[in-house]
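User: I have a structure open here and would like to talk it through with you. Could we go through it one question at a time?

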Amino acid sequence: MANALRWIAVLPSALLGGWLAWILVKGLNRITFAWQGIDPDSFFSRVFIEGISHGALGAAAVYVGARLAPSHKRIVVFILATLLVAAAGFLLFPAIVLRDWWAVYGVGAVGVGAGGVAWSIYAGDLSESDFG
């Protein structure tokens with residue numbers, strides 16, 4: 001029963017973990033930039049903050065979901081990364097239609113973050129035991 005509940009919780013926890021990582025990374029970077037006297041809303045600051053925070057969202061979502069899965073963690077990584085990249089592709093269309101170029105950039109960074117974790121598994125840099 002516990003394994004079934006863990007399987008049910010994989011996708012919601014992956015999305016929640018990614019969202020929390022996005023909030024944390026974005027908030028800390030904005031605070032850190034402000035403390036250093038750099039405007040966090042300037043163009044180059046925003047390029048950095050948006051890229052890092054959305055990349056962390058993708059990577060954390062894949063990692064948290066795979067960590068929670070009771071077994072077959074390697075397969076779960078690839079499935080979650082595929083789902084995130086597919087969702088990013090679907091979200092790309094409304095971002096382009098609305099001409100929200102920051103959203104387009106963020107969607108790309110989510111794909112890079114999720115794909116980076118999947119690539120690390122594929123290339124052998126991470127193993128199934130690294131996910132607990």
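Predicted model: local features only at pLDDT ≥ 70, side-chain atom pairs only at ≥ 80, totals over all residues.

User: With which side chain does the side chain of Lys26 make a polar contact?

Analyst: Glu50 is among the residues that Lys26 touches. The two side chains make a polar contact at 3.0 Å, so the pair falls within the 3.5 Å cut-off. The partner of the Lys26 side chain is the side chain of Glu50.

User: How far apart in space are Arg6 and Ser71, C-alpha to C-alpha?

Analyst: In sequence, Arg6 and Ser71 are 65 residues apart. In space, their C-alpha to C-alpha distance is 9.9 Å.

User: Which element gives the largest share of the largest nonpolar core?

Analyst: This core has 16 residues, and Val62, Val76, Val77, Leu80 and Phe131 touch the most other members. H1, H2, H3 and H4 are the elements that give two or more residues to it. The largest share, five residues, comes from H3.

User: Which residues is Val77 in contact with, leaving aside its neighbours within four places in sequence?

Analyst: Val77 is one of the core residues that touch the most other members. Leaving aside neighbours within four places in sequence, its contacts are Val62, Ala66, Val117, Ala118, Ile121 and Phe131.

User: What reach does helix H4 have from its first C-alpha to its last?

Analyst: H4 runs over residues 101–123, which is 23 residues. At 1.5 Å a residue, the expected value is 33 Å, and the helix comes close to that. Its reach is 32 Å.

User: Which helices are included in what covers the buried residues of H4?

Analyst: The buried residues of H4 include Gly106, Val107, Val110, Val117 and Ile121. Their cover includes helix H2 (43–68) and helix H3 (73–97).

User: What is the volume of the largest pocket?

Analyst: The lining includes His54, Leu57, Leu84, Leu91, Gly106 and Val110. H2, H3 and H4 each supply at least two lining residues, and the largest share, five residues, comes from H3. The volume of this pocket is about 160 Å³.

Definitions and conventions
Residues numbered from 1 in each chain as written. Heavy atoms only, no water. Helix = DSSP H or I, 4+ residues; strand = E, 2+ residues; numbered from the N terminus. Expected span 1.5 Å × (residues − 1). Buried < 20%, exposed > 50% of the residue type's maximum accessible area, 1.4 Å probe, protein only. Contact = heavy atoms within 4.5 Å. Polar contact = N/O pair within 3.5 Å; in protein donor to acceptor, adjacent residues only side chain to side chain. Core = buried A, V, L, I, M, F, W, Y, C linked by side-chain atoms within 4.5 Å. 1 Å grid on protein atoms, 1.4 Å probe; cavity = no way out; pocket = protein on both sides within 12 Å on 5 of 7 lines; lining within 4 Å. Points joined across faces, edges and corners; volume = space filled by probe spheres on them.
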